[in-house]
Amino acid sequence: MTKTIVRGACPHDCPDTCALLVTVEDGVATEVKGDPDHPTTAGVLCTKVSRYLERTYHPDRLLYPMRRVGKKGEGKFERITWEQALDEIANRLQPIAARDPQAILPYSYCGTMGLVQGEAMAMRFFHTLGASLLDRTVCANAGATGYKYTIGGSIGTDTEQFQDAKLVLIWGGNPIASNLHLWTRLQEAKRRGAKLIAIDPYRSLTAEKCHQHIAPMPGTDAALALGMMHVLVKENLLDHDYIDKYTFGFAQLKDRVAEWTPERTAQTCGITVDEVLDLAREYGRTARAGEPVAIRMNYGLQRVHGGGMAVRTIACLPALVGAWRHAAGGVQLSTSGTFPADKVALQRPDLLRGKLPRTINMNTIGADLQKEASPAFGPKIDAVIVYNSNPLAIAPDSAQVQRGFEREDLFTVVLEHFQTDTADYADILLPATTQLEHVDAHLAYGHLYMMANNAAIAPLGEAKPNTEIFRLIAKRMGFTDPAFDETDDELAAKAFDKKHERAVHFDWPLLKRTGWQKLNMPAAPFAEGGFPTPSGKCEFYSAAMQADGLDPLPTYIPNYESVASNPELAEKYPLAMISPPARNFLNSTFVNVQSLRATEGEPHLDIHPVDAASRGIADGEMVRIFNDRGAFVARARVTARARAGLVVGLSIWWKKLASDGKNANEVTSQRLTDMGRAPTFYDTLVQVAKVSESAAP
Ligand SMILES: Nc1nc2c(c(=O)[nH]1)N[C@H]1C(S)=C(S)[C@@H](COP(=O)(O)OP(=O)(O)OC[C@H]3O[C@@H](n4cnc5c(=O)[nH]c(N)nc54)[C@H](O)[C@@H]3O)O[C@H]1N2
Ligand SMILES: Nc1nc2c(c(=O)[nH]1)N[C@H]1C(S)=C(S)[C@@H](COP(=O)(O)OP(=O)(O)OC[C@H]3O[C@@H](n4cnc5c(=O)[nH]c(N)nc54)[C@H](O)[C@@H]3O)O[C@H]1N2
Ligand code: SF4
Ligand SMILES: [Mo]
């Protein structure tokens, strides 16, 4: 028997990008563990990925190319050969490309975060074709944009420093579920005497374990931060030296926050005046005492109309109190901007050869698939190639997405591991390899290590890596550019820009052997300013925002759907609904892994006892959640975890594994955020009513 240990990296859309050790015996993977030597993984994987073998060797894995034989959405397929699949794809795409290649659309996100199996060979193909571009903004782009205006890029406090903070605000994040290895450090901080405060409308698994939980209504975080700043200014809990040297626009900010009295703040957020005052004082006084104060801000708070502005506003706080002076102070939203990933080398925009295709926003796929050709829109979308994503489950306003994918005249190719809700609509379904079967290079958004993934086992069945599938399609389409001859290792060797000071030591063959290597980065990135903004300072006032038609100062933008902004709608649909990640799923990935789905049980809706009582809903009863866009059913959990006025449906369920064939995205909208062209999943008003068990679906 041969037994080897292969180094890998977790490919999932999770900040932690863990270092994996895969045990392989006679060509079969027998164990997946976390690397004990990798500082952030520290030998621990989340439950999902410690069950990785159950997913990889799942009996439902797609192993052969298939062609649809039933109706769209019915999920009936017949096996075909790769030759047949490639011929059919080329034969269908070629005439469309001859008319207008922009009628072809890639649809992808972060099924794998790999730089190679993500957008490298795929983009080379779509660029050569001249296909529509896709705005990949389904997750983080509102917050990333707001953060960038203020701080200059997705750079922040190093995860490896958080254990030394004295106060941590966990703001719009649920690290126990979605950022486990930060939670380990926060617990260590707690042991060392730190105070943890969760700011979250929902009493999440994390919120219940913090010293304090403040529950503002969704989408009111900017108001809370403005109220904090009001108190910091009024009580002079400021670091004037830091403000003078390293910030821009303090005088204007001071005027702006004068309006945000604790009373107005409390009223806007639906919390108490004392909560506002105490939070500001705790933050300001701890910093004033010379102790590190840190904020772990996460994407949960930016999936609303004013999501970009909320992040931008919160990002001003550390500079006001001089928190950046400490390695364990400041704020982390994402560390991804620290990595000099070489997207130009990987994706080769030069292959566009001067073409400038239109851009389709992935959040409005429901509407866009139903649009006819027009001068404003361009050609009707005639073909979609989906990889690394499951739009039927994850995109907002699901009924519209379904109507789009149902179009008989739409040619749909899906590259997948499993027959997902989206795969059911494919004309051609292609089997893709998993992380154990292919090579990749990774950055992370929750630590600072470049990561390598080696292939541990041979591809199962006839599965192929995304890269290889796009190489083959490109060749079948007659593309001869040498860009399509590069191997996955050649691509991975271009993942990071070695000319950049942070990655001068990047060496792919070495990284493959060691698995991970930290970027060159100072421990306290902004201790002495040096913000990568236009002014080089933390920008309380942003001329760039003004130029982009936005308020140059922090402000509060109410949700599209709220009592304040739309009282008539709120009358009809009085409950705010959010649908954040369930701990045992990763977006819609893992929902079909039996042991993980068993832990989550079935789709639930958490509803406050007062809201349940007024609707005659008892714990455990089936309820219907609805608004003008659609409806889905879930089992009610009557619990004060959801604050009054809020309902929570942990997500993202596969629609076909729910009793009614629907999920939370039936009721979410395709409206976009204030900046970053991002979705507003948590800016949703609904009504909830009891259904009798028999009438459930
Ligand atoms: N287990 C698991 N881990 C995951 C994922 C997963 O699906 N499952 N998904 C991954 C991905 S793609 C991402 S983007 C991240 C997401 O992870 P996070 O950035 O942590 O975001 P969410 O889980 O969307 O929301 C976190 C918390 O924000 C709260 N929240 C919702 N709306 C608001 C608001 O308006 N204000 C405030 N203050 N809080 C609000 C929610 O109640 C939730 O508890 O996690 C990644 N990790
Ligand atoms: N209601 C609601 N909707 C949401 C969210 C929410 O909180 N609430 N969160 C949003 C967020 S933050 C995000 S990031 C998106 C996530 O949306 P997606 O990025 O679409 O994430 P997944 O649902 O995990 O789907 C990824 C798919 O890629 C496949 N895959 C994985 N690796 C590979 C590979 O190597 N090759 C190929 N071909 N396929 C692969 C997986 O099997 C899986 O089916 O969802 C968004 N939608
Ligand atoms: S999903 Fe996140 S926590 Fe789990 S193994 Fe992957 S990177 Fe680590
Ligand atoms: Mo995400």
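Q: What makes the pair formed by D221 and ligand 1 a polar contact?
A: A polar contact is a pair of N or O atoms within 3.5 Å. In this predicted model, a polar side-chain atom of D221 lies 2.7 Å from a nitrogen atom of ligand 1, so the pair meets the definition. Local features need pLDDT of at least 70, and side-chain atom pairs count only at pLDDT 80 or more. Residues are numbered from 1 along each chain, and ligands from 1 in the order in which they are written.

Q: Which backbone atom of N587 counts as a polar contact with ligand 1?
A: A backbone N or O atom of N587 lies 2.6 Å from an oxygen atom of ligand 1. Taken alone, ligand 1 exposes 900 Å² (Shrake-Rupley method, 1.4 Å probe), and the protein buries 98% of that.

Q: Why is ligand 1 said to lie between domain 2 and domain 3?
A: Domain 2 (157-332 + 524-547) and domain 3 (567-693) both give residues to the shell around ligand 1, so the ligand lies between them. The domain bounds come from an automatic or database assignment.

Q: Why is strand β6 called largely enclosed?
A: Buried means under 20% relative accessible area (1.4 Å probe, protein chains only). Five of the five residues of β6 (residues 104-108) are buried, so the strand is largely enclosed by the rest of the structure. I104, P106 and S108 are on one side, with L105 and Y107 on the other.

Q: How do you know that β6 and β15 pair?
A: Two strands pair if DSSP finds at least two bridges between them. β6 and β15 (residues 383-387) have five, in the parallel sense, and P106 stands opposite I385.

Definitions and conventions: Side-chain values use heavy atoms; hydrogens and water are left out. A polar contact is a pair of N or O atoms within 3.5 Å; within protein, one must be able to donate a hydrogen and the other to accept it, and residues adjacent in sequence count only if both atoms are side-chain atoms. Buried means under 20% relative accessible area, exposed over 50%, partly exposed in between (1.4 Å probe, protein chains only). Helices (H or I, at least four residues) and strands (E, at least two) are DSSP runs, numbered from the N terminus.
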